[in-house]
Amino acid sequence: MGEIDEGMTQSGLISNLFAAPIFRHEPEPSDFLMILGKKPIYKQHHREGAPSLGVFLRPLPSSTFCVGQTEPRVKVFAPNTTGEKTFQAPFVTYQIAKDLHRTETKEGRGLRFDEINDRLFANTVILPNALRQRIKQVASYDKNTQIWTMTSHFCVYRCS
């Protein structure tokens, strides 16, 4: 996390993905916290259309810590490189298997294609054929119900 003098310590926020130093911040009276979020909808003034974003200002808490520059602990692949594609394919397959396993365990049912896409890849562009190919690796499809269920040979967590 950088150079630290001998005998000194530095707190940090450390995970499997990154490491970053943490510093205590003594706020000035003029400091504030600006939050960007959806505006609450009141039924009297409700207008149709996309929800709007609003800015909320709050006083900065007296006990505030700031996180410094993060240092990656794992390789971050550049877009559309071989490394990214090699990583993404098994990662997508695992996420699908994990979600199917969780749904079958908790709710006793499988998932439709659009449910898998909406739950896992709502903010990602993944072509339907590519997604279907990944699902086929871990699940079987019932044409009558249009539901994907886990295949018995695929194990999400530790298998004996």
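Modeller: Glu-107, Arg-109, Arg-112, Asp-114 and Glu-115 are linked in a network of salt bridges, a salt bridge being a side-chain nitrogen of Lys or Arg within 4 Å of a carboxyl oxygen of Asp or Glu. This is a predicted model, in which local features need pLDDT of at least 70 and side-chain atom pairs count only at pLDDT 80 or more, while totals for chains, interfaces and linings use all residues. Residues are numbered from 1 along each chain as its sequence is written, and side-chain values use heavy atoms, with hydrogens and water left out.

Glu-115 counts as buried because its relative accessibility is 15%; buried means under 20% relative accessible area, exposed over 50%, and partly exposed in between, with a 1.4 Å probe and protein chains only. Arg-112, at 36%, is partly exposed.

Glu-115 belongs to helix α2, residues 113-121, where the buried residues are Phe-113, Glu-115, Ile-116 and Phe-121. Helices here are DSSP runs of H or I with at least four residues, strands are runs of E with at least two, and both are numbered from the N terminus. An α-helix has 3.6 residues a turn, so residues three or four places apart point the same way. The cover over the buried residues of α2 includes α1 (82-107), α3 (128-136) and β8 (147-150).

A further salt bridge joins Arg-119 to Asp-99, with the closest N and O atoms 3.4 Å apart. Asp-99 lies in helix α1 and Arg-119 in helix α2, so this pair ties together parts that are 20 residues apart in sequence. Asp-99 is buried, with a relative accessible area of 6%, whereas Arg-119 is partly exposed at 39%.

The structure holds seven salt bridges. Another of them pairs Arg-24 with Glu-26, their closest N and O atoms being 3.1 Å apart. Arg-24 is partly exposed, at 46% relative accessible area, and Glu-26 is exposed, at 53%.

As for the setting, the protein has three helices and eight strands. From the N terminus on, the elements run β-β-β-β-β-β-α-α-α-β-β. Of the 160 residues in the protein, 19% are buried. Among contacts (heavy atoms within 4.5 Å) between residues at least 6 apart in sequence, 52% join residues at least 24 apart.
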